[in-house]
Amino acid sequence: LRRQKESDGPNQWDERREAAAEIIRRHAPDLIGTQEGLAEQIGYLGEHFPEYGFLGEARFGGRRDEYNAILYRKDRLVAEATGNFWLSDTPEVPGSRSWGNLVPRMATWARFREKDSGVRLFHLNTHLDHLVPQARRKGAQLIESRLPKDLPVVMTGDLNAIQQGGTVEFTHDPRVAAEGAAGLWLGVALGELAPAASDLQDPPRPTSGMSHRVTGAPPARST
(Lines give C-alpha, C1' and ligand atoms only; values in the text may rest on other atoms or scores of the structure.)
Protein backbone atom coordinates (compact mmCIF):
# COMPACT_ATOMS: atom_id res chain seq x y z
CA LEU A 1 0.00 0.00 0.00
CA ARG A 2 2.89 2.36 0.76
CA ARG A 3 2.10 4.36 3.89
CA GLN A 4 0.40 7.72 3.61
CA LYS A 5 3.05 10.44 3.20
CA GLU A 6 2.30 13.96 2.03
CA SER A 7 5.83 14.15 0.63
CA ASP A 8 4.80 11.62 -2.04
CA GLY A 9 2.89 14.44 -3.74
CA PRO A 10 0.70 13.12 -6.58
CA ASN A 11 1.52 9.55 -5.57
CA GLN A 12 0.29 9.86 -1.98
CA TRP A 13 -2.38 7.47 -0.74
CA ASP A 14 -5.38 9.77 -1.24
CA GLU A 15 -4.49 10.04 -4.93
CA ARG A 16 -4.06 6.31 -5.58
CA ARG A 17 -6.32 4.53 -3.10
CA GLU A 18 -9.09 4.08 -5.65
CA ALA A 19 -6.61 2.53 -8.11
CA ALA A 20 -5.56 0.07 -5.42
CA ALA A 21 -9.20 -0.72 -4.64
CA GLU A 22 -9.99 -1.21 -8.33
CA ILE A 23 -7.27 -3.86 -8.67
CA ILE A 24 -8.83 -5.80 -5.79
CA ARG A 25 -12.30 -5.48 -7.36
CA ARG A 26 -11.04 -6.61 -10.76
CA HIS A 27 -9.09 -9.66 -9.63
CA ALA A 28 -10.97 -10.60 -6.44
CA PRO A 29 -8.00 -12.58 -5.07
CA ASP A 30 -8.62 -15.14 -2.35
CA LEU A 31 -5.66 -13.85 -0.31
CA ILE A 32 -3.92 -10.47 -0.14
CA GLY A 33 -0.84 -9.43 1.84
CA THR A 34 -0.54 -5.67 2.35
CA GLN A 35 2.65 -3.68 2.96
CA GLU A 36 3.17 -0.45 4.93
CA GLY A 37 -0.51 0.27 5.42
CA LEU A 38 -1.43 2.44 8.41
CA ALA A 39 -4.63 1.88 10.37
CA GLU A 40 -6.60 4.41 8.33
CA GLN A 41 -5.49 2.80 5.07
CA ILE A 42 -6.45 -0.67 6.27
CA GLY A 43 -9.73 0.86 7.44
CA TYR A 44 -10.38 2.26 3.97
CA LEU A 45 -10.06 -1.20 2.45
CA GLY A 46 -12.25 -2.65 5.18
CA GLU A 47 -15.02 -0.15 4.40
CA HIS A 48 -14.88 -0.89 0.68
CA PHE A 49 -14.46 -4.66 0.90
CA PRO A 50 -16.73 -6.08 3.61
CA GLU A 51 -16.50 -9.47 1.88
CA TYR A 52 -12.90 -9.75 3.10
CA GLY A 53 -11.69 -10.60 6.58
CA PHE A 54 -8.70 -8.62 7.90
CA LEU A 55 -5.98 -10.15 10.10
CA GLY A 56 -2.93 -8.73 11.85
CA GLU A 57 -1.72 -5.94 14.06
CA ALA A 58 0.73 -3.08 13.57
CA ARG A 59 4.46 -3.39 14.05
CA PHE A 60 4.53 -1.59 17.42
CA GLY A 61 1.57 -3.66 18.57
CA GLY A 62 -2.15 -2.94 18.33
CA ARG A 63 -2.86 -0.23 15.77
CA ARG A 64 0.44 1.63 16.10
CA ASP A 65 2.27 2.20 12.80
CA GLU A 66 2.45 -0.08 9.75
CA TYR A 67 0.63 -3.37 9.22
CA ASN A 68 1.53 -6.52 7.31
CA ALA A 69 -2.18 -7.30 7.13
CA ILE A 70 -3.66 -10.41 5.55
CA LEU A 71 -6.97 -10.08 3.72
CA TYR A 72 -8.99 -13.18 2.82
CA ARG A 73 -12.29 -13.85 1.08
CA LYS A 74 -14.75 -14.94 3.72
CA ASP A 75 -16.94 -16.75 1.19
CA ARG A 76 -14.09 -19.11 0.27
CA LEU A 77 -11.83 -19.39 3.30
CA VAL A 78 -12.11 -19.93 7.05
CA ALA A 79 -9.32 -18.57 9.26
CA GLU A 80 -8.70 -21.37 11.77
CA ALA A 81 -5.71 -19.75 13.50
CA THR A 82 -3.76 -16.52 13.16
CA GLY A 83 -0.96 -14.64 14.87
CA ASN A 84 2.00 -12.30 14.62
CA PHE A 85 5.68 -12.47 15.52
CA TRP A 86 8.51 -9.96 15.35
CA LEU A 87 11.75 -10.51 13.48
CA SER A 88 14.07 -10.23 16.46
CA ASP A 89 15.69 -12.25 19.23
CA THR A 90 12.42 -11.85 21.17
CA PRO A 91 9.81 -12.58 18.50
CA GLU A 92 6.82 -12.61 20.86
CA VAL A 93 7.50 -9.02 22.04
CA PRO A 94 5.61 -6.40 19.97
CA GLY A 95 7.88 -3.72 18.55
CA SER A 96 11.07 -5.65 19.33
CA ARG A 97 14.07 -5.39 17.04
CA SER A 98 17.58 -6.85 16.82
CA TRP A 99 20.38 -7.26 14.28
CA GLY A 100 20.84 -3.53 13.60
CA ASN A 101 17.52 -2.63 12.02
CA LEU A 102 16.24 0.82 13.01
CA VAL A 103 12.53 -0.04 12.93
CA PRO A 104 10.69 -3.20 14.01
CA ARG A 105 10.02 -5.86 11.38
CA MET A 106 7.37 -8.53 11.77
CA ALA A 107 5.28 -11.24 10.16
CA THR A 108 1.56 -11.93 10.28
CA TRP A 109 0.38 -15.47 9.60
CA ALA A 110 -2.84 -17.44 9.31
CA ARG A 111 -3.90 -21.03 8.80
CA PHE A 112 -6.89 -21.31 6.47
CA ARG A 113 -9.35 -24.00 5.44
CA GLU A 114 -10.89 -23.78 1.99
CA LYS A 115 -14.64 -24.13 2.47
CA ASP A 116 -15.50 -26.25 -0.57
CA SER A 117 -12.61 -28.70 -0.52
CA GLY A 118 -11.58 -28.69 3.13
CA VAL A 119 -7.95 -28.19 2.05
CA ARG A 120 -5.82 -26.31 4.56
CA LEU A 121 -3.00 -23.87 3.78
CA PHE A 122 -0.72 -21.47 5.60
CA HIS A 123 -0.24 -17.83 4.58
CA LEU A 124 2.55 -15.64 5.95
CA ASN A 125 2.99 -11.96 5.12
CA THR A 126 6.12 -10.00 6.04
CA HIS A 127 8.28 -6.95 5.36
CA LEU A 128 12.04 -7.44 5.69
CA ASP A 129 14.40 -4.61 6.55
CA HIS A 130 15.36 -2.17 3.82
CA LEU A 131 18.81 -1.18 5.12
CA VAL A 132 20.58 -4.01 6.98
CA PRO A 133 21.43 -7.24 5.07
CA GLN A 134 22.01 -9.16 8.31
CA ALA A 135 18.54 -8.20 9.54
CA ARG A 136 17.02 -9.44 6.27
CA ARG A 137 18.86 -12.76 6.41
CA LYS A 138 18.15 -13.41 10.07
CA GLY A 139 14.54 -12.39 9.59
CA ALA A 140 14.24 -14.82 6.68
CA GLN A 141 15.80 -17.59 8.76
CA LEU A 142 13.36 -16.98 11.61
CA ILE A 143 10.45 -17.07 9.19
CA GLU A 144 11.66 -20.32 7.65
CA SER A 145 11.91 -21.91 11.09
CA ARG A 146 8.25 -21.13 11.74
CA LEU A 147 6.76 -22.42 8.51
CA PRO A 148 4.65 -25.54 9.03
CA LYS A 149 6.02 -28.81 7.69
CA ASP A 150 2.64 -30.37 6.91
CA LEU A 151 0.82 -27.66 4.92
CA PRO A 152 1.25 -25.84 1.62
CA VAL A 153 2.57 -22.33 2.26
CA VAL A 154 1.83 -19.02 0.53
CA MET A 155 4.27 -16.27 1.42
CA THR A 156 3.79 -12.64 0.46
CA GLY A 157 5.90 -9.66 1.40
CA ASP A 158 8.29 -6.87 0.61
CA LEU A 159 11.59 -8.72 0.91
CA ASN A 160 13.79 -5.76 -0.07
CA ALA A 161 16.12 -8.20 -1.84
CA ILE A 162 16.65 -9.82 -5.21
CA GLN A 163 15.03 -13.21 -5.64
CA GLN A 164 18.33 -15.01 -6.30
CA GLY A 165 20.01 -13.67 -3.16
CA GLY A 166 20.72 -15.34 0.14
CA THR A 167 17.84 -13.56 1.87
CA VAL A 168 15.21 -15.52 -0.02
CA GLU A 169 16.94 -18.87 -0.36
CA PHE A 170 14.30 -20.33 1.91
CA THR A 171 11.65 -19.70 -0.78
CA HIS A 172 13.24 -22.52 -2.76
CA ASP A 173 11.47 -24.83 -0.32
CA PRO A 174 8.69 -26.49 -2.36
CA ARG A 175 6.18 -25.58 0.36
CA VAL A 176 6.55 -21.87 -0.40
CA ALA A 177 4.74 -20.33 -3.37
CA ALA A 178 6.31 -16.87 -3.09
CA GLU A 179 8.79 -16.92 -5.98
CA GLY A 180 6.36 -18.09 -8.66
CA ALA A 181 3.77 -15.53 -7.60
CA ALA A 182 6.19 -12.60 -7.51
CA GLY A 183 6.45 -12.16 -11.27
CA LEU A 184 2.68 -12.28 -11.76
CA TRP A 185 1.85 -9.65 -9.19
CA LEU A 186 4.78 -7.42 -10.10
CA GLY A 187 3.43 -7.39 -13.65
CA VAL A 188 -0.05 -6.43 -12.44
CA ALA A 189 1.37 -3.66 -10.27
CA LEU A 190 3.52 -2.21 -13.04
CA GLY A 191 0.72 -2.33 -15.58
CA GLU A 192 -2.03 -0.85 -13.45
CA LEU A 193 -0.49 1.18 -10.63
CA ALA A 194 2.59 2.55 -12.39
CA PRO A 195 1.63 3.38 -15.99
CA ALA A 196 4.85 5.37 -16.40
CA ALA A 197 6.72 2.07 -16.42
CA SER A 198 5.42 1.41 -19.94
CA ASP A 199 7.49 4.35 -21.14
CA LEU A 200 10.76 2.93 -19.84
CA GLN A 201 13.19 1.66 -22.47
CA ASP A 202 14.18 -1.22 -20.24
CA PRO A 203 11.20 -2.04 -17.96
CA PRO A 204 12.13 -3.87 -14.74
CA ARG A 205 11.95 -7.64 -14.85
CA PRO A 206 10.08 -9.60 -12.16
CA THR A 207 13.45 -10.46 -10.61
CA SER A 208 14.41 -6.79 -10.32
CA GLY A 209 12.03 -5.68 -7.60
CA MET A 210 9.76 -2.64 -7.57
CA SER A 211 10.29 0.84 -6.21
CA HIS A 212 7.94 2.22 -3.57
CA ARG A 213 7.79 5.48 -5.49
CA VAL A 214 5.09 4.16 -7.86
CA THR A 215 7.25 4.89 -10.89
CA GLY A 216 8.24 1.37 -11.98
CA ALA A 217 11.95 2.15 -11.62
CA PRO A 218 13.52 -0.47 -9.29
CA PRO A 219 16.07 0.57 -6.66
CA ALA A 220 19.35 -1.29 -6.22
CA ARG A 221 19.12 -4.02 -3.58
CA SER A 222 21.67 -6.32 -2.06
CA THR A 223 20.94 -9.80 -0.78
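Among contacts in the chain between residues at least 6 apart in sequence, what percentage join residues at least 24 apart? The figure is 62%, where a contact means heavy atoms within 4.5 Å.

Some ground rules before the tour. This is a predicted model, with residues numbered from 1 along each chain as its sequence is written. Local features need pLDDT of at least 70, side-chain atom pairs count only at pLDDT 80 or more, totals for chains, interfaces and linings use all residues, and side-chain values use heavy atoms, with hydrogens and water left out.

**Overall layout**

The chain has four helices and seven strands. Both kinds of element are DSSP runs numbered from the N terminus: helices are H or I with at least four residues, strands are E with at least two. Going along the sequence, you get the pattern α-β-α-β-β-β-β-β-α-β-α. Of the 223 residues in the chain, 45% are buried; buried means under 20% relative accessible area, exposed means over 50%, and partly exposed is in between (1.4 Å probe, protein chains only).

**The four-stranded sheet**

Four strands form an open sheet in the order E4-E5-E6-E7, with mixed pairing. Two strands count as paired if DSSP finds at least two bridges between them. E4 and E7 (153-158) sit at the edges with a single partner strand each, so one side of each has no neighbour in the sheet. On average, neighbouring strands here are turned by 15 degrees against each other, direction ignored. For these angles, axes are lines fitted to C-alpha atoms (for helices, over the stretch in contact), and values run from 0 to 180 degrees between N-to-C directions.

As background, strands of a sheet pair through backbone hydrogen bonds, either parallel or antiparallel. Trp-86 stands opposite Met-106 in E5.

**Helix H3 on the sheet**

H3 (residues 133-146) lies across E4 and E6, running at about 140 degrees to E4. H3 has 14 residues and spans 20 Å from its first C-alpha to its last, close to the expected 20 Å; that expectation is 1.5 Å times one less than the number of residues.

Which residues of H3 are buried? They are Ala-135, Arg-136, Gly-139, Ala-140, Leu-142 and Ile-143. Looking down the axis of H3, these buried residues fall within an arc of 165 degrees, so they line one face of the helix. The arc is taken from the directions running from the helix axis to the C-beta atoms. The cover over the buried residues of H3 includes strands E4 (77-86) and E6 (120-127).

**Helix H1**

H1 (13-27) has 15 residues and reaches 20 Å between its first and last C-alpha, close to the 21 Å expected. Its buried residues are Trp-13, Arg-16, Ala-20, Ala-21, Ile-23 and Ile-24. They cover an arc of only 160 degrees around the axis, which puts them on the same side of H1. Glu-15 and Arg-26, on the other side of H1, are exposed. Just after H1, Ala-28 takes a positive phi of about 45 degrees.

**Salt bridges**

Side chains of opposite charge can pair when their charged atoms come close. How many salt bridges does a search of the whole structure find? It finds 18, counting a side-chain nitrogen of Lys or Arg within 4 Å of a carboxyl oxygen of Asp or Glu. Here are some of the pairs:

| Pair | N to O distance |
|---|---|
| Arg-3 and Glu-66 | 3.1 Å |
| Asp-14 and Arg-17 | 3.9 Å |
| Glu-80 and Arg-111 | 3.4 Å |

Arg-3 lies in the segment before H1 and Glu-66 in the loop between E2 (52-55) and E3 (70-73), so this pair ties together parts that are 63 residues apart in sequence. Arg-3 is partly exposed at 22% relative accessible area, whereas Glu-66 counts as buried at 8%.

Asp-14 is partly exposed at 45%, and Arg-17 is partly exposed at 32%.

The salt bridge between Glu-80 and Arg-111 links distant parts of the chain, with Glu-80 in E4 and Arg-111 in E5 (residues 106-114), 31 residues apart. Both ends are partly exposed, Glu-80 at 28% and Arg-111 at 30%.

Finally, Asp-30, Arg-73, Asp-75, Arg-76 and Glu-114 are linked in a network of salt bridges.
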